[in-house]
Amino acid sequence: MRIRRLSAFFWATCIIAFIFILYVVTDLTFKLPSIKPAMVEFDDSKWSSFESKLRHIENELSEHHAVVGEIKTAMDQIVDQSSDNHYVKKPRIMKKQSKLREFKVVGDEPPRMPFKTKMNMSYCPINQQTSKTDIQMLSIYERITFDDKDGGVWKQGWEIEYKENQWSSKNKLKVFIVPHSHNDPGWLKTFENYYKTQTKAIFTNMVEKLMEGIGRKFIWAEISFLSLWWNSDATEKEKAAFINLLKAGKIEIVTGGWVMNDEANSHWLAIIQQLTTGHQWLTENLGYTPRNSWAIDPFGHSSSQPYILKLAGYENSLIQRVHYRIKKELALNRHLEFKWRQLWDGVGKTDMFTHMMPFYSYDVPHSCGPDPKICCQFDFKRLPGNGVTCPWKIGPKKIIQKNVGERASLILDQWRKKAQLYRSNVVLFPLGDDFRYDRANEWDHQYQNYEMLIDYINNNDAWNTEVQIGTLNDYFKAVHEEMKLSDFPVLSGDFFTYADRNQHYWSGYFTSRPFYKNMDRVLLAYLRAAEVITSQAISSNSVTYILSLQLRDRVEQARRALALFQHHDGVTGTSRDDVVVDYAKKMHQAIKNSQSVIQQAAYYLLKQPVVQDQTQEDIYFEVDDIWRKHDEIPARITIALDEVSPSRRIVLYNALAFKRHDILTVFVSSPHVGEVFDPEGNPIMAQISPVVSGESRLGFAANKFQLSFPVTVDSLAITVYSVSLRDSMSLNKYTSFARVRVYNADYWNIDLPKMFPIEQPTARLSEDVTVQAGNSTRILCNKHGLIKAIVSTDGRTTPVHMDFVQYGTQKMIDNNSGAYLFIPDGPAQQFNLDAYPELVITEGPFKATLYSALVGPRAAEVILAVSVYNNPSLLQSEVEISNTLMIDPKVDDLELAMRFSTGIKNGDVFYTDVNGMQIIKRRYFEKLPIQANFYPLGASAFIEDESTRLTVLTLTPLGVAALQPGQMEIMQDRRLSRDDNRGMSQGVLDNVRTRHTFKLIVERAHSPCSAKPFEHPSGYLTLGAHVTQQMLLQPLITMHYTANENTPRPTYSRSIVNAADIVLASYRSHVAVKNKDSSTYQGMGMTLQRVHLDTCYGNAAISTWYPKGDGQVQLTDLVDVQPERVFDSSLTFLHIRNPVSDATIVLCPMEVRSVFINQTLKHG
């Protein structure tokens, strides 16, 4: 009887599975009742739809086979066993295994992933090569000579000629004059001061003047300013007028980000934050969706930016600041408009149509055509009496009937010449500059004079020209109506490093103001953690609706501070001193807000554990990262225990989508505070070391010790460890005390507790020293404490010579380094150090650190800390380097760099990341000056040969170069006394003490390995390097609180996803979607990335601890979500598409996808 029942159950399950597959194939997808069909976009492409169906079929077939397999297994077990107490397990229900209650050094055991059928990823763009690239930027760099010939009136080009008969009545020249005003949210003035003195007036004039003429139009980019005006000064009448102008197409919002972001230093996660912040504001306040991107002022352009724009639903983009010789090369071949493709895309799925402006600048003199002397005469802001003149000594003339013919002919000649540089007969003429149109008379002068010119030209049939004032969208629409996309070339690569003239390369700003660049990354990590944990608290119903809104508002404040700093004069370090301070204070408050949100959300996710000695309402846990001032390195909490408070809980939050295994270090006030307990209350091994501190001299901190121990935290989980006081007389078999060595400091009177073994030789150190933690990687350092070699756990030695070098600057007129430019006076010189620096080494079973006080007289102070960790989960030769540095305020011009020299035979090839999103191949070019060979280092760089790879990971975005084979050089800080004539009118003299953290990884090549072709223009990190990078950029959030020792240890662990190649880019608790009926739907937004990893280098054993996924992410395994509420979405949640079947996202390698989780019905 039992067998018959099971047989019936088996065949019923098969029939149900078959019906479900048929349901999917016929595309009978679930509809969201709250969102009308008008909101849903099904026509991305037939290819995407076909892919989606194939994915569904594969997924369901795999699940069907798995279900059948499990049922058969269960049947066999029941038939074979006679006991009645067995039961059939339900398929596809996964439960977390309980942890073993026994001591392990780092974790219980390598995680085991549930069995899944391998996905077929052959359709992914990275795995195909069906479409070729016409223009590869690295190849162009290899080919051209970078000559700087005088081209005549177009200094960086040539004398352009054309034939008047190339246009006809059926083939007219179309000219779009696009008025604009470029508003920097901070540069020479602070964001608020710019608004008060200029931008506010631009908006007031905009809504008034655009309504005066029939054909008047305008474009706007920066939503930070629009939001400030809208919320503080705009009247209801002005708001209504603005919305009407938007609907009529008289105003176009271009890009629509919070700012026009930098593309060198900004991390891609911060770029999507600022873009989404702007777009969400537009959705909620204007119901507007931008279609075209406008980036006229970032100092070089990244290949990550067009991919981000593509994901956000843009159709076209415009860029400006590109090396003048590259512009000339593209213009010669009429390649200034192209389809910009990602390096890893073999099919063209990521193509973004891009227009490159051809001339020196985006101002009017360099926009109408090749001759700035003539174009300046058509900038009517420069009419007499307005305070602005033309440098070429010939100013504009007011257009009247008497001169309109001559004036029209003059500017038409420029437009015709500009048209020769492009493939279509459509010409774009941007009419604007920085903070233009802030006075009513400029609106009158520009529009009235151009209206006369337009009427005259359009009525002259012999000229075969149509001119109109338009928007960027008008221009792109006309181009696409005339030309097919297939008529344009495909380009891949990026546009760094930018030079605007001569050998003036803008590689200085990659490093300028590095303290605040570092602060940017710290804030990004806190914001990312704050928004994720807030979303977890809300989706799990752990907080009230009112509290969820309070958390949302604090996260939004932090988000806007980060977004503002992504401005191309913010994170770049190219603002005046008072503006830098303003940015820093905003970020400082944002860090505090994020910390407040994290601890409060964690408290509720942990079900409100009892907190003793709570001193402030809503502050339950203390975040172990104390930012006292906006320009100071943060401090750490020192845990002080006594008989009244004998225990302290340590709360750890992991904001990454994979389980992490770390060596955690906290500070304690006594070496007797030495017992550490894991989340289940079991004692675990720990290490106590003295704290070494100092700025120019080293010393042991009083009443402060490092407590280091291994921790394991699940993905998106909160785990609680505890530290307890022990009797000073009792034996603690779980705690080790670090061995201490002190060199070149025989004059120290060391007063450390007797349990620390101390060596203090009297002789000066004259030989190399080694540093090792337990069985970890071993490092060999020279007498200054600088790395000399890295020895792997299997004994293989890799010479890696570390040193510091310094650059001076040329000091000729208009030829010196500044905030933007790097113009060294020659190759780097050795950084002269004191002969015998103070050196301290602490070594224990988990962590070993060498400290060295490197002081260069009248140069800089560097406190170097080189650490290795005994972390069995990361079985790779990995070293942590911390440089705490300060350039001497008495020094006028100095740039400090850290250099690594190896025997790696990489030739002239090296690799750098692009915004932390992908890796691009670079080459050192001897034909270019030193400054041209520096590139942005956003997060990682590496060199490699057939046997070895050396990777450098950084927390701070800086400049990097590989000037010699086997070498990498990373800028640290710069102090410059002169302005570089790019508008700032000051040098860079506001240096503050700064700390950089790097990870240095040596990896061996596998043999044999199917390596990428030499000419391939991209690269990828290994699994080990990627995991380390993620943990560096997103450290564990460490919090403390006091609780009764006998109370249960709370924990929160919801996610069962553990895929190291999946990046949870963002998880926003509140996003808005606007339907075409103007109704707004509220929900959550999530963005995920799947990285591609290099398997030719590194230790394959790392994957047992950090397994890669198969590309499938089931959101119900990751967070609390109802499957039927999940919809495919554009990056910034402006475009909502099809429901996501089974709430399972399938990601190709290097792909980024977003989803909208509808919650309208919940709080509607």
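**Group meeting: disulfides, helix pairs and a buried loop residue**

Buried here means under 20% relative accessible area, with exposed set at over 50% and partly exposed in between, using a 1.4 Å probe and protein chains only.

A word on the basis of these values. This is a predicted model, in which local features need pLDDT of at least 70 and side-chain atom pairs count only at pLDDT 80 or more, while totals for chains, interfaces and linings use all residues. Residues are numbered from 1 along each chain as its sequence is written, and side-chain values use heavy atoms, with hydrogens and water left out.

I turn to the chain as a whole. The chain has 1164 residues, of which 63% count as buried. Its secondary structure comprises 20 helices and 50 strands; these are DSSP runs numbered from the N terminus, helices being H or I of at least four residues and strands E of at least two. Contact, for this talk, means heavy atoms within 4.5 Å. Taking contacts between residues at least 6 apart in sequence, 77% join residues at least 24 apart.

Now to the disulfides. A disulfide is a covalent bond between the sulfur atoms of two cysteines. The criterion applied is a pair of cysteine sulfur atoms within 2.5 Å, and the search of the whole structure finds 3 of them.

Which cysteine is the disulfide partner of C124? The partner is C1148, with the two sulfur atoms 2.0 Å apart. The torsion about this S-S bond is about -80 degrees, so the disulfide is left-handed. C124 sits in the loop between α2 (46-80) and β1 (135-136), and C1148 in the loop between β49 (1144-1146) and β50 (1152-1158), so the bond ties together parts that are 1024 residues apart in sequence. C124 has 0% relative accessibility and is therefore buried; C1148, at 2%, is buried as well.

C368 is joined to C375, again with an S to S distance of 2.0 Å. The value about the S-S bond is -85 degrees, and the link is left-handed. C368 counts as buried because its relative accessible area is 0%, and C375 is buried at 0% too.

C376 pairs with C390, their sulfur atoms lying 2.0 Å apart. This link is left-handed, with -105 degrees about the S-S bond. Both cysteines lie in the loop between α10 (372-375) and α11 (404-419), so the pair ties together parts that are 14 residues apart in sequence. C376 and C390 are both buried.

Next, two helix pairs. Axes are lines fitted to C-alpha atoms, for helices over the stretch in contact, and angles run from 0 to 180 degrees between N-to-C directions. Angles under 35 degrees count as roughly parallel, over 145 as roughly antiparallel, 65 to 115 as roughly perpendicular, and the rest as oblique. A crossing is left-handed if the near helix is turned anticlockwise from the far one by less than a right angle, and right-handed if clockwise.

Helix α15 (residues 545-565) packs against helix α16 (residues 577-605) at an angle of about 150 degrees, the axes being 9 Å apart. The two are therefore roughly antiparallel, and their crossing is left-handed. On the α15 side the contact residues include L547, L551, V555 and F565, which meet a set in α16 that includes Y583, M587, A590 and V597. By class, this contact has 12 nonpolar, 6 polar and 2 charged residues. For these classes, Ala, Val, Leu, Ile, Met, Phe, Trp, Tyr, Cys and Pro are nonpolar, Asp, Glu, Lys and Arg charged, and the others, Gly among them, polar.

How do α5 and α6 cross, and at roughly what angle? The axes of helix α5 (residues 223-232) and helix α6 (residues 236-247) come within 9 Å and cross at roughly 140 degrees. This pair is therefore oblique, and the crossing is left-handed. L226, W229 and W230 in α5 meet E238, K239, F242 and I243 in α6, a contact with 5 nonpolar, no polar and 2 charged residues.

Finally, a loop residue. N915 lies in the loop between β34 (909-914) and β35 (918-923), and with 2% relative accessibility N915 counts as buried. N915 and A270 are 645 residues apart in sequence, yet 9.3 Å apart in space, C-alpha to C-alpha. Not counting residues up to four places away in sequence, N915 touches E263, A264, S266, H267, W268, I271, S302 and S304.
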